[in-house]
Amino acid sequence: MTTFEDAITTANVLIGNQNYKEAINSFKEAVIKTEIPEQKIDIYNAIGRLYLTSNDTNNDALESFKKSISIHNSLPNEKQKLLQINKATILNNLGVLTVKNDPKTAMKFHKEALELFENYANENKTINIEAHIANTHYSYADAAYGKGDYFMAKKQFKEAINSYEKLDNNEISEPFIANAHYNLGNIYLDEDNVHDARNNYLKALKKFRELTKTYPEAYRSLVAATFNNLAVTAKTMYKYSDAITYYENALTEYEILINEDKETFTPYYAATLNSIGIIYSEQHEVKNEYDSLGLTGFSGFGTLSTDNSIGNIEDKKNIDKLRKEKALEYYLKAINVYGELTLNEPELYSHYLATTNHNIGVLYDTMNEYKKAEESFEKALIIRRELANQHPKEFNLDVCVTLFNIVTMYQNLLEQTVNIDFKEASLKILDEIEKRMSIYTDDKQAIIESMRSDLIYFKDYFNTINNEYLDVFDAIVKENAVIEKINETSIPVEKLNMQKHVINLYYMLAQKYPNNPRLKEVLLNAYIKYSWFALRSNNTGIAEKAIITGYKIDKESLYLKSNEAVLQLLKNDKEKFNLIYNEIKDKENEDKISFKEVIQTDLKVLERDGVLKNIAELI
């Protein structure tokens with residue numbers, strides 16, 4: 001007959017031989033042979049640890065630890081107090097086992113364990129259990145983070161750091177301190193507190209890089225991940241050069257990691273290439289604020305890390321061109337890597353390949369290379385449509401995003417080229433978008449609501465577009481070019497002559513489209529400007545004709561009346577001037593400025609031009 005001692009001895013031998021399954025059976029036999037609660041507690045703890053060691057189901061380990069706790073709780077208070085360290089350790093084990101599926105319960109386990117450890121420490125000052133307390137704070141924080149209780153997670157991670165810093169053994173404490181700072185960075189980033197996120201990531205980075213010297217296999221990936229997260233914080237803070245630097249250093253780490261484990265780290269390498277491309281393509285300014293921990297020695301600063309104070313427009317254009325070229329360089333590298341990954345595992349990586357092609361399309365669009373943009377968008381669409389056919393709910397929106405970018409590009413091209421063909425192409429695309437979005441009828445997500453709004457806008461826009469609309473739009477574009485030239489000269493007669501071209505342009509269109517409201521509006525404004533330039537040129541005849549013609553469009557135009565009032569002064573008819581002036585002086589323009597002020601300003605301009613003298617006596 002097997003005794004308790006025999007079963008324990010057999011179990012220990014089996015453990016030594018790594019025969020964990022049979023060792024568990026021997027322990028189970030031993031637990032039946034004893035009535036001593038403390039022994040049962042130890043055996044159930046041993047069984048639980050063996051289940052974990054043998055990678056058995058967490059449920060078996062969980063049940064063993066629960067039985068151990070149940071026996072603990074049945075003991076008299078005095079015995080429970082003697083075994084509180086043991087109980088706290090088991091509670092921590094229970095927390096670790098339940099955190100994935102039930103973080104709320106895990107938090108309760110760790111909280112109870114922490115209270116037991118702290119009570120014991122207060123009552124036994126000579127015994128140092130700071131390591132237990134530190135580990136419990138860390139596990140408690142991890143459970144709170146999993147539950148989404150950021151307040152408690154931050155509190156416990158900070159307490160864990162304080163406890164670990166009290167330990168003498170840096171080899172044990174440093175990895176936990178580094179990870180705690182890293183997790184605090186993640187929490188602060190989730191809360192959009194990028195300054196605190198950055199500070200914690202920098203502290204984590206310093207420790208991870210130090211640990212990598214001794215344990216490169218264990219910590220290099222964390223160095224790379226921290227560089228990536230620092231790049232995100234830098235981008236959010238508009239420190240684009242810092243962001244590029246962090247991403248480039250992440251690339252360096254991933255290149256080393258790929259040599260060790262290509263399958264695991266190549267996707268991260270590709271994602272980082274894509275992220276750098278995004279930074280360069282979206283970058284509008286770079287603030288010259290370098291990193292505070294001596295990271296300026298890393299690559300990424302220099303040619304493109306210039307601020308937005310450059311006075312020369314050509315220099316700004318050249319820098320913008322360089323940024324776009326760099327963006328394209330990194331996107332194309334990402335395409336190559338994702339292309340290779342997609343060949344081997346299309347179900348995992350084709351989505352990312354499509355996204356990078358989409359990003360290149362957007363970039364080419366901003367570079368006015370529309371044919372290349374269209375080709376890249378089409379590459380993205382081929383993949384995204386195929387994915388949407390298999391999983392419509394998940395990928396239809398991606399298809400719509402690319403289609404909307406094409407529609408926006410076609411709108412731009414239509415207005416540049418006045419080519420009506422872009423209307424039909426766009427309406428066809430909008431029909432596809434509408435069909436794909438029909439499966440989200442009851443979905444109120446912000447992105448879907450935004451797409452619905454865009455769909456309404458573009459359908460209205462392209463359905464309204466016709467040859468008449470395009471002719472008027474083209475005339476407005478041409479007027480804008482003339483306005484630029486008008487603004488370049490200070491000579492009123494030159495302004496008048498150039499404005500006459502605008503008048504002729506709109507007048508001919510008005511004969512063709514006499515009822516077009518937009519055309520009437522711009523033609524009226526053209527006559528207002530024309531009459532004003534005539535007044536500044538002291539050409540009262542042209543001014544009077546322009547005002548009379550303008551009244552045929554809008555006889556109540558306050559600006560025409562303002563110009564007419566000034567005309568009467570030039571014609572020395574003060575009575576008519578006062579009549580018009582008193583009618584409109586208290587009325588306001590769209591900027592809430594009274595026409596009394598408008599006329600006074602106009603008279604000062606005419607005095608400066610030498611057309612009028614002593615204007616103070618005129619009003």
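Are Tyr138 and Phe157 buried or exposed?

Mentor: Tyr138 and Phe157 are both buried, where buried means under 20% relative accessible area, exposed over 50% and partly exposed in between, with a 1.4 Å probe and protein chains only. Some ground rules come first: this is a predicted model, in which local features need pLDDT of at least 70 and side-chain atom pairs count only at pLDDT 80 or more, while totals for chains, interfaces and linings use all residues. Residues are numbered from 1 along each chain as its sequence is written, and side-chain values use heavy atoms, leaving out hydrogens and water.

A pair of aromatic rings is described by the distance of the centres and the angle of the planes. Rings of Phe, Tyr and Trp (its six-membered ring) pair if their centres lie within 6.5 Å; planes under 30 degrees apart count as stacked, over 60 as edge-to-face and the rest as tilted. Searching the whole structure gives 26 aromatic pairs. In the pair you asked about, the ring centres of Tyr138 and Phe157 are 5.5 Å apart and the planes stand at 75 degrees, so the pair is edge-to-face. This pair links distant parts of the chain, with Tyr138 in helix H8 (residues 130-147) and Phe157 in helix H9 (residues 150-165), 19 residues apart. Helices here are DSSP runs of H or I with at least four residues, numbered from the N terminus.

Another pair is made by Tyr410 and Phe422: their ring centres are 5.4 Å apart and their planes at 45 degrees, so this pair is tilted. Tyr410 sits in helix H18 (residues 392-417) and Phe422 in helix H19 (residues 421-437), 12 residues apart, so that pair too links distant parts of the chain. Tyr410 and Phe422 are both buried. Elsewhere, ring pairs join Phe404, Tyr457, Phe458, Tyr461, Phe462, Tyr469 and Phe473 into a cluster.

Now to helix packing. Helix H16 (residues 346-366) and helix H17 (residues 370-390) have axes that come within 8 Å and cross at roughly 155 degrees; axes are lines fitted to C-alpha atoms, for helices over the stretch in contact, and angles run from 0 to 180 degrees between N-to-C directions. H16 and H17 are therefore roughly antiparallel, given that angles over 145 degrees count as such, under 35 as roughly parallel, 65 to 115 as roughly perpendicular and the rest as oblique. The crossing of H16 and H17 is left-handed, meaning that the near helix is turned anticlockwise from the far one by less than a right angle. Residues in this contact (heavy atoms within 4.5 Å) include His358, Gly361 and Val362 of H16 and Phe377 of H17. By class, the contact of H16 with H17 has 11 nonpolar, seven polar and four charged residues; Ala, Val, Leu, Ile, Met, Phe, Trp, Tyr, Cys and Pro count as nonpolar, Asp, Glu, Lys and Arg as charged, and the others, Gly among them, as polar.

Phe377 lies in H17 and is buried, with a relative accessible area of 0%. Leaving out residues up to four places away in sequence, Phe377 touches His358, Gly361, Val362, Thr402, Asn405, Ile406 and Met409. From Phe377 to Asp365 is 12 residues in sequence and 10.0 Å in space, C-alpha to C-alpha.

How values were computed:
Helix = DSSP H or I, 4+ residues; strand = E, 2+ residues; numbered from the N terminus.
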